[in-house]
Amino acid sequence: MVKQTIQIFARVKPTVRKQQQGIYSIDEDEKLTPSLEIILPRDLADGFVNNKRESYKFKFQRIFDQDAKQEAIFENIAKPVAESVLAGYNGTIFAYGQTSSGKTFTITGGAERYSDRGIIPRTLSYIFEQLQKDSSKIYTTHISYLEIYNECGYDLLDPRHEASTLEDLPKVTVLEDPDQNIHLKNLSLHQATTEEEALNLLFLGDTNRMIAETPMNQASTRSHCIFTIHLSSKEPGSATVRRAKLHLVDLAGSERVAKTGVGGQLLTEAKYINLSLHYLEQVIVALSEKHRSHIPYRNSMMTSVLRDSLGGNCMTTMIATLSLEKRNIDESISTCRFAQRVALIRNEAVLNEEIDPRLMILRLQKEIQELKDELALVTGEQRTEALTEAELLQLEKLITSFLEDQDPESKLEVGADMRKIHHCFHYLKKLLTDKKIHGPSRAPFSEVKDQVNQGPSTEEEYKKLREILQQRDNEINILVNMLKKEKKKAQDALHSSSMDRGEPRRSQSSPFPPGNPEGLRTLPLSAPTQAQDSSVIQYRSSLLHRKTGVREEMSLGRQEAFEIFKRDHADSVTIEDNKQILKQRFSEAKSLGESINEARRKIGRLKEEITQRHVQQVALDFHSPSWLKIQITCSRLSLNSLPT
Ligand SMILES: Nc1ncnc2c1ncn2[C@@H]1O[C@H](COP(=O)(O)OP(=O)(O)OP(=O)(O)O)[C@@H](O)[C@H]1O
């Protein structure tokens, strides 16, 4: 919410005669709140002793003197309001001043030069430029144009009517709902998607306004005109819509009836105009007074329409247009006084957000469906109709994206529909079966399924290994027990025989050789040596240790058992035979190697001999005939080709 008093600005219309300039001065020194001083020229008709005040000072947010350009007016007054409208707040800019003080020139602009464009076309230009720049929201713009003449509203944008008089235009009436919101019946809203379309609407409205002028009605002078830009914005996918309105108001001339000096129809008009401006003043006085509970908005159509702009949800700005000529001094002072009162009014602008009804309906429909599904689940009610193709496809997409999601916390949300839940399970099962048949590369989420498959297979492997280990341990224990019995028997036999001889004796038949109290030699071992056996045992032990991850040391009892195991193994005879064959082959290979070495040595000796002969031959070369050289060369070549 933005709390702000109505901002007031003054604009002085260029005067025709230069000498008129001396009747006012602008004090820009007071930077924050510049002041306009209106000096009353001394009237000799009042006599030399004159108690009348000679000057009046009024403070404004800013004062634009005669040379102020339209662009400066837009930049300083209208642009900030347009920005707040783009942000979602309501805005109003109204021009107040006597006839011909420059209200229409300021709000709509002059027709002669492009640079004379007023606040309305410049604001439209600015708004559409901003909308184009901002792609984060979806904007919709509508335009309405209302004229209030003699307390009657007319729709200036109705395309069905070719207006020749104001009465030809559709009449707009004010309706108020129980929440005191104002609705304008018969006021058409026209969508404008571009600046050009909006400007065309402005042109249509202004043309209707001119055509509808009665000979008595000097158009803008006696009517109030409200050009409104309705802007709604929404973020894509969001149900929240922001709506804001910008009223650009060109009020009727504020001169007093007494001064107009008119009668007949013009007097009636003047009374209406004065009445509506009088009511506007009443509203403003009421609003500027603290603790006033009743604000007389309903007294006139104009105050009803601008209800929100005055003391309500709106950022409001007033431009006091002044024609500071001597004959207009009183009117100018009156305009400035009015502005000072307006400056006291505090508005509270809020963001106008509402939920898009269409999206709201869709959201509620979805919620109803979800609740129905939940209810069916809780009451056990079965839904029998099959899921549609589209539903199945959507479910499968959901499952795939769920499986591919790296986030372990992600959830598969399918609602409370049992049919969907069942389908999810079936689909997952199918994916897992496919993976088992075709391997991991076939599935799009192989990683996930790998994890699923890896766990149990490792577990199984461990279990099997443990079982084998347990089995082996049992076998070993049995064998060790058997061995112990054998040992005991042998010891007993030894003991009894030594007892017979009367001396201790180590016999060839003794099952236990020295250095081996466990009596391993007594076993008919088929392995070549004990050293080789123990290395095999160590290797196997380390293999087992590596496979199972269980720390295990091979005890002596286990070594014994291992020897027995080797001996009794079905393949032990074959292994032994193979060993013999290998031994035989080894000795053959050894003797072959020796004969090869002998041949090499012979070749070496022959080579040495040849080299010696070669040297001798070189010495004879000087005296030998050429046929001998050829012969020697031939013999060299044949020698070189001998194997080394
Ligand atoms: N700042 C300005 N610079 C140049 N010309 C101006 C300026 N203000 C007003 N005028 C001219 O003065 C004349 C009267 O101005 P305008 O019609 O805007 O007054 P008004 O206050 O709207 O009068 P009415 O109450 O009759 O509607 C027009 O011809 C307009 O072009």
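The following exercises, each with a worked solution, concern the predicted model shown above.

Residues are numbered from 1 along each chain as its sequence is written. Because the model is predicted, local features need pLDDT of at least 70 and side-chain atom pairs count only at pLDDT 80 or more, while totals for chains, interfaces and linings use all residues.

**Exercise 1. State how many helices and strands the protein has, and what percentage of its residues count as buried.**

Solution. The protein has 16 helices and 17 strands.

Step two concerns burial. A residue is buried if 20 or more other C-beta atoms lie within 10 Å of its own, exposed if 12 or fewer, and partly exposed in between, with C-beta atoms placed from the backbone. Of the 644 residues, 24% count as buried.

Among contacts between residues at least 6 apart in sequence, 67% join residues at least 24 apart.

**Exercise 2. Determine the strand order and the edge strands of the open sheet formed by 3 strands.**

Solution. Strands pair if DSSP finds at least two bridges between them. The order is β3-β4-β5, with antiparallel pairing. The edges are β3 (24-27) and β5 (55-59), each of which pairs on one side only. From one strand to the next, the twist averages 20°.

For the pairing of β3 with β4 (residues 35-39), there are 4 bridges, and the two strands run antiparallel. Within this pair, Y24 has I38 in β4 as its bridge partner.

**Exercise 3. Describe how helix α3 (residues 119-133) packs against α1 (residues 70-86) and against α4 (residues 195-211).**

Solution. Axes are lines fitted to C-alpha atoms, for helices over the stretch in contact, and angles run from 0 to 180 degrees between N-to-C directions. Angles under 35 degrees count as roughly parallel, over 145 as roughly antiparallel, 65 to 115 as roughly perpendicular and the rest as oblique. A crossing is left-handed if the near helix is turned anticlockwise from the far one by less than a right angle, and right-handed if clockwise.

First, consider α1. Its axis and that of α3 come within 10 Å and cross at roughly 45°, so α1 and α3 are oblique to each other. The crossing of α1 and α3 is right-handed. Residues I73, F74, A78, K79, A82 and L86 of α1 meet I119, R122, T123, Y126, I127 and Q130 of α3. This contact comprises 8 nonpolar, 2 polar and 2 charged residues. Here Ala, Val, Leu, Ile, Met, Phe, Trp, Tyr, Cys and Pro count as nonpolar, Asp, Glu, Lys and Arg as charged, and the others, Gly among them, as polar.

Second, consider α4. The axes of α3 and α4 come within 9 Å and cross at roughly 160°; the two helices are therefore roughly antiparallel to each other. The crossing of α3 and α4 is also right-handed. From α3, residues I120, P121, L124, S125 and F128 meet E195, A198, L199 and L202 of α4. The residues of this contact divide into 7 nonpolar, 1 polar and 1 charged.

**Exercise 4. Locate the turn between β8 (residues 138-149) and β9 (152-155), and characterise E151.**

Solution. β8 and β9 are joined by 4 bridges and run antiparallel, with I148 partnered by G153. They form a hairpin with 2 residues between them, and N150 in the turn has a positive phi of about 50°. E151 lies in the loop between these strands and, although not a glycine, has a positive phi of about 65°. With 14 other C-beta atoms within 10 Å, E151 is partly exposed.

How values were computed
Contact = placed C-beta atoms within 7 Å.
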